[in-house]
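Open the model in a viewer and keep the sequence panel beside it. The stops below say what to select and what to look for.

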Amino acid sequence: MKEIQKLFPSMDGNDFQREELLSYFKTILTKIDALKDPNKLTLGEMPEYSEDYYNRVIRQASVPETGVSMEEVIQKLLKLVEGHRYVNRNYVANAAPLPNIASIIGNLVMVLVNGNNLWDVEGQAAATAEIEVTSMLSKLIGYDESLSAGYTTWGGQGAVFNSLRLAIARFAPFSNQKGVPQNLYCFCSELSHYSLYKSVEATGIGVENMIRVKVNENHSMNLEDLKEKMEHVIAKGGVPLYVLATMGTTDTFGIDDMEGIKRIADEVERTYDINPIYIHADSAMGGMYTFFNHYDFENNPLRFENDVNEVLKSYQQRFKHINLADSMVFDFHKLGQTPYITSLFLVKNRENLKYVDLDAAETPYVGNRGYGSYHTGYTLECSRMGSALAIYASLLAFGIEGYQELLANYIRVNITFRKTLLKEISNVVITNEISPITTFRFYPEETKWNDELNGRLTIEEISEINQFNDEFAEVIGAERDTVFFGNTKKQRIVKAANSSKRISLYAHKFFAISPYTTIEEVDRYVGFLKEHLELFLKTRNSENFMIRA
Ligand SMILES: *Cc1c(COP(=O)(O)O)cnc(C)c1O
């Protein structure tokens with residue numbers, strides 16, 4: 001057993017074993033640092049992803065008969081890291097975080113004491129941290145912290161699933177025994193994340209009972225369409241159960257009007273005398289902007305530029321109403337810059353958890369003892385990681401102002417990117433509102449955005465422009481080692497001139513997520529696009545010419 005014990009941290013805290021562990025950490029940090037290159041996206045060279053790459057991995061894998069040395073373990077791990085994308089100034093694709101130092105330390109503490117967040121007796125550190133961050137963030141968004149509840153869970157998607165489960169159990173407490181009623185309906189914007197799609201599948205509500213609501217020009221849910229569709233459901237004998245209000249759509253950062261959605265829900269409830277409709281704010285993308293809910297835009301203590309200030313002020317108008325939702329989520333591993341997974345699901349009224357809590361008789365192993373008073377029998381996980389520790393550490397290290405600086409920079413960089421892009425390239429349009437994300441679309445010749453928006457192009461014409469953007473995404477994607485842009489095949493949905501079918505528009509995406517993405521870098525981003533676009537147009541034209549000839 002002595003050899004086996006060497007695989008573990010010490011029991012008594014002796015210097016020797018600590019130094020050994022530290023030396024492993026040091027090797028890993030040093031080797032990873034050696035792979036960093038600010039001019040590239042990846043840590044070292046990317047492996048050759050040949051067609052049979054994963055098949056080869058499958059064939060070669062086997063558990064070693066005897067364990068290998070720690071040096072070799074480290075070497076193997078570092079081999080995996082080689083070529084890994086690293087979120088630095090060249091990464092402008094998606095909401096991928098670079099975990100901040102406090103969150104790394106919080107995660108380390110989480111692993112070292114390895115509490116189980118299921119029960120405070122098994123994990124007091126994370127239990128207290130979870131309660132603390134729940135209270136901190138409740139106060140920030142305007143939930144009453146003496147009534148709210150919160151727990152970390154499996155992502156923004158987990159928060160959607162958890163909220164839907166609460167909605168079902170609240171409406172039909174018998175459903176836990178008898179199954180889900182067949183006449184329940186959910187509503188979401190047609191640009192919402194697929195989390196709800198999966199959740200209606202998994203809860204048994206069914207995708208056919210998920211109603212997609214049209215969006216406005218600014219990518220927020222169209223309230224008239226919502227109301228109409230709710231009334232239609234009621235007329236058919238259905239029950240409007242749940243509305244997913246997206247606050248920051250994944251690709252375009254559209255922010256649904258929470259106040260308006262709540263007003264319509266109230267109206268419909270009163271008019272038709274139905275049970276309260278559950279509203280979940282899917283704030284996985286945008287929730288961090290609640291950090292401006294109490295910012296004084298008149299005095300502007302952090303001295304944000306006027307245009308940045310204006311955008312943030314308009315966010316405050318939207319996000320201050322998030323407390324009307326029955327639940328919401330903070331995805332710190334998106335704009336909050338922490339490791340996966342650090343999502344906090346917040347529930348306005350903790351009473352609602354009683355509908356999904358386990359009966360004491362069903363939990364013979366944990367909870368329900370004289371000792372311990374925090375037992376999260378209402379979560380879908382049993383054992384839970386203590387990721388509240390990483391959130392807690394970040395909140396302490398940044399403070400409200402630190403996060404405000406970080407979040408304002410995303411906007412600042414996007415404003416500059418937009419201006420530069422339009423100045424440098426003529427056949428491009430920007431297709432969403434100013435936000436941490438810019439979506440943009442190129443055209444083979446002059447721009448036709450207005451025609452596309454207003455249904456004046458045929459399906460064939462729109463498809464050709466989509467195709468053009470799709471091909472260009474491949475071109476710059478192959479060069480993602482230099483600058484990695486994102487793209488989407490559903491920037492918005494428009495009418496075509498020759499069809500009743502609505503059609504999705506493709507777009508490229510600039511996501512200013514890294515703290516190293518600053519306005520000084522913008523010329524380089526646009527230069528990269530311009531250079532590749534010119535080359536792409538040239539080769540395309542000569543190919544077309546050859547085909548014609
Ligand atoms: C990212 C995202 C999700 C999913 O969150 P995960 O943390 O990846 O599970 C849900 N909704 C929106 C709007 C998102 O942007």
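**Stop 1: backbone exceptions**

Select asparagine 300, which is buried because its relative accessibility is 10%, under the 20% cut-off. The model is a predicted one. Asparagine 300 is in the loop that runs between strand 8 (278–282) and helix 12 (306–319). Check its backbone: phi is positive, about 45°, although the residue is not a glycine. As background, most residues other than glycine have a negative phi, and most peptide bonds are trans.

Is glutamine 337 buried or exposed? Glutamine 337 has a relative accessible area of 3% and is buried.

Stay in that part of the chain and select isoleucine 341, placed in the loop between strand 9 (327–331) and strand 10 (343–347). The peptide bond to select is the one from tyrosine 340 to isoleucine 341: it is cis, with omega near -15°.

**Stop 2: asparagine 107**

Select asparagine 107 in helix 5 (residues 101–113). Its relative accessibility is 18%, so asparagine 107 counts as buried. Which residues is asparagine 107 in contact with, once neighbours within four places in sequence are left aside? They are Pro339 and Ala390.

**Stop 3: a charge over a ring**

Show the side chains of arginine 85 and tyrosine 91. The charged end of arginine 85 sits over the tyrosine 91 ring, at 5.6 Å from the ring centre.

**Stop 4: aromatic pairs**

Colour the aromatic side chains; the count of aromatic pairs comes to 34. One of them joins phenylalanine 417 and phenylalanine 510, whose rings are stacked, with 3.9 Å from centre to centre and 5° between the planes. Phenylalanine 417 belongs to helix 13 (residues 388–424) and phenylalanine 510 to strand 14 (residues 499–511), so this pair ties together parts that lie 93 residues apart in sequence. Phenylalanine 417 is buried at a relative accessible area of 0%. Phenylalanine 510 also counts as buried, with 0% relative accessibility.

Now extend the selection to the cluster linked by ring pairs: Phe417, Phe440, Phe442, Phe468, Phe472, Phe485, Phe510, Tyr525, Phe528 and Phe536.

**Stop 5: leucine 529**

Select leucine 529, found in helix 16 (residues 522–548). At 0% relative accessibility, this leucine counts as buried. Which residues does leucine 529 touch, not counting those up to four places away in sequence? The list is Phe417, Leu421, Ile425, Phe440, Phe472, Ile476 and Phe485. Phe417, Phe440, Phe472 and Phe485 are among the members of the ring cluster from the previous stop.

**Stop 6: the cavity**

Rolling a probe the size of a water molecule over the atoms shows where empty space is left. How many cavities of 30 Å³ or more does the structure hold? There is one. The volume of the largest cavity is about 70 Å³.

By class, the lining of the largest cavity consists of three nonpolar, four polar and two charged residues.

**Stop 7: the second largest pocket**

End at the second largest pocket, which holds about 780 Å³ of space. To centre the view, select Tyr53, Val57, Lys76, Lys79 and Leu80, which of the 22 lining residues lie nearest the pocket centre. The elements giving two or more residues to the lining of this pocket are helix 3 (53–60) and helix 4 (70–81). Which of the elements gives the most to the lining of the second largest pocket? Helix 4 does, with seven residues. Colour the lining of this pocket by class to see 12 nonpolar, four polar and six charged residues.

Conventions. Residues numbered from 1 in each chain as written. Predicted model: local features only at pLDDT ≥ 70, side-chain atom pairs only at ≥ 80, totals over all residues. Heavy atoms only, no water. 1 Å grid on protein atoms, 1.4 Å probe; cavity = no way out; pocket = protein on both sides within 12 Å on 5 of 7 lines; lining within 4 Å. Points joined across faces, edges and corners; volume = space filled by probe spheres on them. Helix = DSSP H or I, 4+ residues; strand = E, 2+ residues; numbered from the N terminus. Nonpolar A, V, L, I, M, F, W, Y, C, P; charged D, E, K, R; others polar. Buried < 20%, exposed > 50% of the residue type's maximum accessible area, 1.4 Å probe, protein only. Contact = heavy atoms within 4.5 Å. Phe/Tyr/Trp six-rings, centres within 6.5 Å; stacked < 30°, edge-to-face > 60°. Lys NZ or Arg CZ within 6 Å of the ring centre and 35° of its normal.
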